[in-house]
Amino acid sequence: MASSSNQKTGFHARSNSFPSRLNPAITQLDEHLRRSRASEGACTSSSLGGKLSSLQDLHDCVNKLLFLPLNQQAIAQENNGKLIEELLDGSLQVLDLCNTAKDALLQTKESVHELQSILRRRGCV
Amino acid sequence: MKRAIHKGLKVIKKNSTFSAFNGDRETTIMFNMLKEVEVVSLKAFDSLLSFISGPEARTTGWSLVSKLVHHKKVASADEEADINEFAKADAALLALVDQNTSKSDNIKGVQTQLESLELCIQDIEEGPEYLSRNLIKTRVSFLNILNH
């Protein structure tokens, strides 16, 4: 009986997911992550703005995190090479998608302007 | 383009758990979070792109516009129809072309839809621009850290 309760508490301590004393930047990032996850799902024109701005906050936070010397040291450790590679690959994918979205919006805007001027000209004739 | 997105998402999902890592707790948490940031970002962009391109089933949408804008065969044929502002503008154009008249009412309707589409784009276009700059900054600091 006694031993089983000991095991229990031992397990409990280990499953504690967050150390109590965490870097504030990490806590902040976690907060932003939670917010971004909450706004996941299909976009509507009204939800889009909020979604994009929470994504912006998220990435601002990442950049702040990367400025901290302690985190830079962790990243620079050689044994993390594989993880870093994965992260860099992933960030390239995200950047790629971001640029695709940017271009799609730009193209649409140009098409809209062109159509508008065509219609204006037609309207005048 | 969409296929590329979904492929990317699949790859990310496969990689979303980390290979064994023996560092201290905080570093592990940080790495997992950075990974999570990437996953969340990919999902967000996926839904943004779906917003612009509309559901996969609707393939006819924007072809009309490229027909109208003859000289500019936009590569975005399947990128730009949507149930929202994007689709409404498209539907208005469709009506205009179908009737093949230049009734001022029809033209006014199309112009109104185009305006709201323009406003919709104005509202969101800054987001990806800002994010793109930010992502490049992230990569630069990452690479700088590694080179020092």
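Student: What kind of crossing does α2(A) make with α3(A)?

Tutor: α2(A) passes α3(A) in a left-handed crossing, where left-handed means that the near helix is turned anticlockwise from the far one by less than a right angle, and right-handed means clockwise. This is a predicted model, where local features need pLDDT of at least 70, side-chain atom pairs count only at pLDDT 80 or more, and totals for chains, interfaces and linings use all residues. Residues are numbered from 1 along each chain as its sequence is written, and chains are lettered from A and ligands numbered from 1 in the order in which they are written.

Student: At what angle do helix α2 and helix α3 of chain A pack?

Tutor: About 160°, with the axes 9 Å apart, for α2 (residues 24-38) and α3 (residues 45-67) of chain A. That makes α2(A) roughly antiparallel to α3(A), a label for angles over 145 degrees.

Student: Which classes of residue make up the contact of α2(A) with α3(A)?

Tutor: There are 9 nonpolar, 4 polar and 3 charged residues. Among those that meet are L29(A) and L33(A) in α2(A), and L55(A) and L58(A) in α3(A). Contact here means C-beta atoms, placed from the backbone, within 7 Å.

Student: OK, new topic. How many residues does each chain put into the contact between chain A and chain B?

Tutor: Chain B gives 73 residues and chain A gives 64. On the chain B side, the largest share, 28 residues, comes from α5(B). By class, that side of chain B has 38 nonpolar, 19 polar and 16 charged residues.

Student: And K88(B), is that buried or exposed?

Tutor: K88(B) is buried, because 20 other C-beta atoms lie within 10 Å, and the cut-off for buried is 20 or more. K88(B) is found in helix α4 (residues 85-99) of chain B. K88(B) and L114(B) are 26 residues apart in sequence and 8.5 Å apart in space, C-alpha to C-alpha.

Student: Where in chain B is confidence lowest and where is it highest?

Tutor: Lowest in α3(B), at a mean pLDDT of 48, and highest in α5(B), at 86; pLDDT is the predictor's confidence in each residue, from 0 to 100. Across chain B the mean is 69, and 55% of its residues reach 70 or more.

Student: What about the complex, what ipTM does the predictor give?

Tutor: An ipTM of 0.73, with a pTM of 0.69.

Technical notes. Contact = placed C-beta atoms within 7 Å. Helix = DSSP H or I, 4+ residues; strand = E, 2+ residues; numbered from the N terminus. Nonpolar A, V, L, I, M, F, W, Y, C, P; charged D, E, K, R; others polar. Buried ≥ 20, exposed ≤ 12 C-beta atoms within 10 Å, placed from the backbone. Axes fitted to C-alpha atoms, helices over the stretch in contact; angles between N-to-C directions. Parallel < 35°, antiparallel > 145°, perpendicular 65-115°, else oblique.
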